[in-house]
Amino acid sequence: MHPWRNPTNLEAFRAEQLTKVPSWYVPLMHLGGTTSIGIIALLGIYWLENTQLWEYLAIPFLFIFANLFEWWAHKFLLHKEQKAPTWLPKIIQRTINKLFHALFHNHTPSHHRMFVYGDMAINKEKNGWNGLYFVLIPLEGIIGVVLTALPLAFGLGFLISTNVGLLTGITQSIYVVSYELLHLCYHLPVNHPIGKLKIIKKLKRHHELHHAPELMQTHNFNVTIPAADELKKTNLSESEILAFIKKYQDEDNAYYNHIIDPDA
Ligand SMILES: [Zn+2]
Ligand SMILES: [Zn+2]
């Protein structure tokens, strides 16, 4: 059994991590803070003027770009600790390295150890909604998203048209909110009605496989629609899932059988 799966280790780790949640932490404010980006961005609609059909075409392109970016950032920033280029001034290097460290540390050794395949739910009965601290995008993630999104929105606004720039900002923000809410749905408390929706169950299965410690560095990096995973061939096929189970099933039957039937 993978050490992260060991129930004693898991509970001890969770208890220790939960002590790190600041006393001032308000889960609903965290959720409101990250989702309000989308609401604020929607205000951009008021500045759209005489939008042409071709300008709206920016939306599907941006969704594809955002899906690829989600895959790339998850694989290369959240699962590997990157370092800033050494030619940058020391102070900038230190700031970037701090951001890279926080992105990696909040995800691989924290989020992935708090929630493993077969045990993905926030324990609301025990800890209220404090588990959201380990599920929702942390401040560093939001800084990273804004730093990436703004230059693109301003760049396209300058190079193509103001409308395209505004639509870029709006689409990117809505994408981030979709990511945040879908990811939350996958980690909702057991028996939460939203978690029982067919579409959520389907998408959750994809993400839950990514939470198997043996698969997290190689497969299922999309949290929203697994389009980039499909394109980059990192989407686990049904035969790969079966082969994976065959390899580990003797160690922990209940855990690995859960992969075949998420309702088991
Ligand atoms: Zn997750
Ligand atoms: Zn991950």
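Q: How are α7 and α8 oriented to each other, roughly parallel or roughly antiparallel?
A: In this predicted model, the axes of helix α7 (residues 139-159) and α8 come within 6 Å and cross at roughly 160 degrees. Angles over 145 degrees count as roughly antiparallel. The two helices, α7 and α8, are therefore roughly antiparallel.

Q: Which residues of α7 meet α8, and what is the handedness of the crossing?
A: From α7, the residues Val 145, Ala 149, Leu 152, Ala 153, Phe 154, Leu 156 and Gly 157 meet α8. Their partners in α8 include Thr 162, Val 164, Gly 165 and Gln 172. The crossing of α7 past α8 is right-handed.

Q: What is the orientation of α2 relative to α8?
A: Helix α2 (residues 27-42) and α8 have axes that come within 8 Å and cross at roughly 155 degrees. Since the cut-off for this class is over 145 degrees, α2 is roughly antiparallel to α8.

Q: Is the crossing of α2 and α8 left-handed or right-handed?
A: The contact involves Thr 34, Thr 35, Ile 37, Gly 38, Ala 41 and Leu 42 of α2. On the α8 side, the contact residues include Gly 169, Ile 170, Ser 173 and Leu 181. As α2 passes α8, the crossing is left-handed.

Q: Which helix has the lowest mean pLDDT among the elements of the chain?
A: The chain averages a pLDDT of 89, and 94% of the residues score at least 70. Helix α10 (residues 227-231) has the highest mean, 97. Where pLDDT is low, the predicted coordinates should not be read in detail. The lowest mean, 62, belongs to helix α12 (residues 253-260).

Conventions
Residues are numbered from 1 along each chain as its sequence is written. Chains are lettered from A and ligands numbered from 1 in the order in which they are written. This is a predicted model: local features need pLDDT of at least 70, side-chain atom pairs count only at pLDDT 80 or more; totals for chains, interfaces and linings use all residues. pLDDT is the predictor's confidence in each residue, from 0 to 100. Helices (H or I, at least four residues) and strands (E, at least two) are DSSP runs, numbered from the N terminus. Axes are lines fitted to C-alpha atoms, for helices over the stretch in contact, and angles run from 0 to 180 degrees between N-to-C directions. Angles under 35 degrees count as roughly parallel, over 145 as roughly antiparallel, 65 to 115 as roughly perpendicular and the rest as oblique. A crossing is left-handed if the near helix is turned anticlockwise from the far one by less than a right angle, and right-handed if clockwise. Two residues are in contact if their C-beta atoms, placed from the backbone, lie within 7 Å.
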